[in-house]
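I opened this entry to keep track of what I looked up, element by element. The structure goes in first and the notes follow.

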Amino acid sequence: MIERITWWLVRHPWAVVIATLFLVVATGYGAKNIKLNADYRAFFSNDNPYLQAFENLQDQYNKVDNILIAMVPKDGEVFNTRILTLVEELTEESWQVPYSRRVDSISNFQHTYAEEDDMIVESLFEYSADLSEEEIQAKKAVALKDPVLAGNLIAYDGKATGVNITINLPGINQAAEVPEVVGFVREMVAKYEEAYPEVGFYLTGVTMTNNAFPEASAQDIKELYPIMILLILVLLFFSLKGMWGTLATFSIVVFSSTIAMGLFGWPGPEVTPTTLSAPVMIMTLAIADCIHILMSYYHGIAKGESKPAAMVESIRINFQPVLLTSVTTAIGFLTLNFSDAPPFHDLGNIVCIGVLAAFLLAIFFLPALMMLLPSKKVSESFGENTKMQKLSEFVIKHFRPLLVSFSVIIVVLIALIPLNELDDNTIEYFDWSIKFRSDSEMIADKLTGVQSMNYSLKADGEMGVVDPAYLNTIDAFADFLRSQPEVRHVGTFSDVMKRLNKNMNGDDESYYKVPNDRQLAAQYMLLYELSLPYGLDLTNQVNGNKSATRMSVQIDKITAQEIIALDNRAVAWLEENAPQYMVTEGASTAVMFAHITERNIKSMIGGVVGALFLISFIIMIAIKSVKLGFISLIPNLVPAGMAFGLWAVFDGMVGLGLSVVMGVTLGIVVDDTVHFMTKYVRAKRELNLKTEAAIEYAFHTVGVALTATTIVLCAGFLVLALSPFAINTHMGIMSALTIGLALIVDFFFLPPLLLQLDKNKNETDQSKGATS
Amino acid sequence: MIKTMLIAALFALGSVTAIAQTSQEKGLAIAVEADKRGEGFGDSQVELKMVLVDSKGTEAPRDMRVKSLEGVGEEGDKSLMIFDTPIDQKGVAMLTYTHKDKSDDQWLYLPALKRVKKISSKNKSGPFVGSEFAFEDISSQEVEKYTYNYLRDETFDGKDCFVVERFPTDKYSGYTKQVAWIDKAEYRALKIEFYDRKKSLLKTLENKDYKLYLDKFWRPALSVMQNHQTKKGTRLEYKGYEFQVGLKDREFTKNSLKRAK
């Protein structure tokens, strides 16, 4: 059947090539609809409880999307007329930022104090240029002492200050809105940078995080793809030893990723950097198919066959293994749909389409294309593999020590897996080549915590936030949080009430405490609310019907596990010290990402196990043996386990990128096993070889090809390690590691395993088969 | 003959000047006319329910009463706002003196403290008790508080309207501009759009169910403010308007605040 089709293809090469080109252009055109996503929420499914908690928080209070502009004067002095004027001007101009809702800084901080019997509410620094040194020092003391400002908008040591812009995006077209806001802010800041060369300006915040995603995507496209293409050309040239085969394979590699991205792109999706790693993976995977087919083809040519005949023979012997490996790889990638993070669904589906497209192109397009290209003189080196001979002899000779030592290594590495720590952190997702990363690290160093958590603390009904018991509880909670080593700053409504109580009592320090009367507190709050200027209201801290307040906590850049631990301690404190209705978990992007890997691993497990069963079933059918199917599970599963064990030793931080490595590599790792086992089984069944000889045969026939494809795959996945985006980097390194280990396991552990488990019984089986 | 021609020329000139009235002058003229039609109400009082509606539609109501006294001559109006709910703020009273040429003066009486406190006068652009109204939206709209620019005629809600831009003169205002739809028949503001400091549309006010009092004074029974950026809204429901009930100047003083009921 496949022979007849191939004969037709090689006889009508032009028709096939033109039809294929048409198809590629038609589907690939859809890729133009793809937009770069600028929203961290892309990594969360809509039913993610941590996303829902955070959205709920933002519905109750103001949005907490923000850009923090930090200013660090090189001489370390913020409090002089020049820098204060800068802060004042920047604060004023920041109201012009598109979609800005609120601007906070030391300059427009609403300073309250008593004057005779009245309470004055006014901006802390206004007309700074006219302030005397004494006035500046007095205001400096206020800023460094105020719990709202210190450690937040002014460094505790007074050497850095910030302007925080709260952004409320309409969210109609976030992919355009975020760059619009960031572009405006950067332009504005550039102007001040020029006027104030002695001041360092740094930007961070949720909106900057969002903007870092498309920037990382763009960098991926600009830097990764050319490297990948160069790498492919080099690898192909060395493995195929000729220009025409290299070009043919290259066209298939490019066409299959074009088709995949094009089909995916038609509906106009938004993509994260993760999705954009798909073409790199497809290109890597597509090469293997072509190498197998072209190597056999060149064998035929070398033996003196005609071009069509050599091609038909090559397709005949390669059709089944190429189909099998493509299907298992596709199944592996489809398990990414079980991920809790939608970008991996896209990645899995795109690669799945790409792998199947590569299969179809290799079987139907490559034969036709090769007919149109000049055939070449093929060196006799194809198929020569004395090294494989030596390798198989070594493995067979030392199979017991190998079996024992590898078992030990495998067990030890797998035992090390729990040493891995979960870590996801939107700042460390980006490497230092992305400015967002270095700016955020600088701000964390000089000004304030760049990660945050929020607690929406319910009071007892409407207007309950002024209840003295409630205020005392949140004040104690704030004290508890401040005593935690990871916490840099806590913003709480109780600080406002304490300050008002002091102001209303003639600035008497002994009144710096929660008012002891509910009505008094309610009326202070009303007076204060009526005194606040445009945009600086209490809605970011107190909800609409005054039945809850938001406590905002700035924390150090800590790992996911540390964030979860801190949150657990906070919840435990609330459970012990607060009424039940106040107990709540923290909500923020940091909390969402802290849980993402764990959730993702949990959701992936089902999918991976299912795929493993499916793939094992396919292998059992392909090699027609249940027992060998079960044995093949070991080399399929062990490499990922070993890789995670090694990771625990060398890095130990497991993030979102690693949670999907099992799914990514499963179908690829299986390929090695399939190739080795099919040859081994054929040697035993068709050639009636003994186990040792069958192993030698398998080494001899597929050893070189497996080594070559493994090198290609490792190199391809390692290209992802160059991405500025950690999810891609980790996914690339870990996949390459797993694929490399798979080859080692297939060469050094699978054969001893077969010698141990498959020898006696099969030998007797065979003798029975021979006698009957 | 020459005389006739001269008169004709003068008439022509006159009509030209009439036509040449600038859009700023026309805008101002409309504001002055609207102000004039509101003159002479003397004093009034009304019950007011303020309902805050968040982006999810959850409502939070608050009740208050407002008493107003018309200003005489160059004086602006005076108003007294008494809070009835929530219970923790019951009895709080706010006295406002509007001024044509400077920031308004405001005092607040806090019954729990039994004291009158002056409110920082610069800041009247913040949200009024957590609502989508700023105090500057509900205080007396003196002509001098804005400069004007007539834009066009337009039908709104079935009524012929002037559409007039107005620009706050107070630098602490939260707005760069407002656009008002004023009906030609009665000079009532039917709709006002508010533009924030970055000149984006922030909110829209619609005054509905206008009723006529004393055959002269139109007052809306319902004002709805919708914030387009936060998706939150606020309704003001007016009930039981009374005019010329004999309120006196001495009921609108700092000292009288404590006795306000």
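How many helices and strands are there in chain B? I counted three helices and 13 strands in chain B. The model is a predicted one, and I read everything below with that in mind.

**Chain B, overall**

I looked up the extent of chain B next. Its C-alpha atoms fill a box of roughly 80 × 45 × 35 Å along the principal axes. Chain B has 261 residues, of which 33% count as buried. I also checked the contacts in chain B with a separation of 6 or more: 42% of them come from residues 24 or more positions apart.

I went to strand β9 of chain B, residues 177–183, and asked how many of its seven residues are buried. Five are, and the strand is mostly covered. I then followed its pairing on to other strands. β8(B) and β9(B) run antiparallel and are joined by six bridges. In this pair I noted Cys161(B) opposite Asp183(B) of β9(B). β9(B) is also joined to β10(B), residues 189–195, by six bridges, and these two strands run antiparallel as well. Here Lys177(B) has Tyr195(B) of β10(B) as its bridge partner. The hairpin of β9(B) and β10(B) has five residues between the strands, and within it Tyr187(B) takes a positive phi near 55°.

**Chain B, loops**

I searched the backbone for exceptions. Most residues other than glycine have a negative phi, and most peptide bonds are trans. Which peptide bond in chain B did I write down as cis? It is the bond from Thr85(B) to Pro86(B), with omega near -5°. Pro86(B) sits in the loop between β3 (78–83) and β4 (93–97) of chain B.

Asp157(B) has a phi near 55°, which is positive although the residue is not glycine. I placed Asp157(B) in the loop between β7 (146–156) and β8 (159–168) of chain B. Is Asp157(B) buried or exposed? Asp157(B) counts as exposed because it has 11 C-beta neighbours inside 10 Å, and the cut-off for exposed is 12 or fewer.

In chain A I started with strand β4, residues 110–115. β4(A) and β5(A) run antiparallel, with six bridges joining them. Glu115(A) stands opposite Asp118(A) of β5(A). Two residues lie between the strands of this hairpin, and Glu116(A) in the hairpin has a positive phi near 50°.

I then moved past β5(A). Tyr127(A) is in the loop between β5 (118–123) and α5 (133–145) of chain A. Tyr127(A) is not a glycine, yet its phi is positive, about 50°. I checked its surroundings too: Tyr127(A) has 11 C-beta neighbours inside 10 Å and therefore counts as exposed.

**Chain A, helices α9 and α11**

Two packed helices are described by the angle between their axes and the distance between the axes. I looked up both values for α9 (residues 278–302) and α11 (residues 342–372) of chain A. Their axes come within 9 Å and cross at roughly 30°. That angle makes α9(A) roughly parallel to α11(A), since angles under 35 degrees count as such. The crossing of the two helices is right-handed.

Which residues of α9(A) meet α11(A)? My list for α9(A) includes Met281(A), Leu285(A), Cys290(A) and Tyr297(A). Among those they meet on the α11(A) side are Ile350(A), Val355(A), Phe359(A) and Leu366(A). Sorted by class, the contact of α9(A) with α11(A) has 17 nonpolar residues, one polar and one charged.

**Chain A, a three-stranded sheet**

I found an open sheet of three strands in chain A, ordered β10-β12-β11, with antiparallel pairing. β10 (451–458) and β11 (487–491) of chain A are the edge strands, each pairing on one side only. On average, neighbouring strands of this sheet are turned by 20° against each other, direction ignored. β10(A) pairs with β12(A), residues 548–555, over eight bridges in the antiparallel sense. In that pair I noted Arg550(A) of β12(A) as the bridge partner of Ser456(A).

**Where the chains touch**

Last, I looked up the contact between the chains. It takes 36 residues from chain A and 31 from chain B. On the chain B side, β5 (105–110) and β6 (115–118) each supply at least two residues. β6(B) gives the most to this side, with three residues. I sorted the chain B side by class as twelve nonpolar, eleven polar and eight charged residues.

Terms used:
Residues are numbered from 1 along each chain as its sequence is written. Chains are lettered from A and ligands numbered from 1 in the order in which they are written. This is a predicted model: local features need pLDDT of at least 70, side-chain atom pairs count only at pLDDT 80 or more; totals for chains, interfaces and linings use all residues. Axes are lines fitted to C-alpha atoms, for helices over the stretch in contact, and angles run from 0 to 180 degrees between N-to-C directions. Helices (H or I, at least four residues) and strands (E, at least two) are DSSP runs, numbered from the N terminus. Angles under 35 degrees count as roughly parallel, over 145 as roughly antiparallel, 65 to 115 as roughly perpendicular and the rest as oblique. A crossing is left-handed if the near helix is turned anticlockwise from the far one by less than a right angle, and right-handed if clockwise. Two residues are in contact if their C-beta atoms, placed from the backbone, lie within 7 Å. Ala, Val, Leu, Ile, Met, Phe, Trp, Tyr, Cys and Pro count as nonpolar, Asp, Glu, Lys and Arg as charged, and the others, Gly among them, as polar. A residue is buried if 20 or more other C-beta atoms lie within 10 Å of its own, exposed if 12 or fewer, and partly exposed in between; C-beta atoms are placed from the backbone. Two strands pair if DSSP finds at least two bridges between them.
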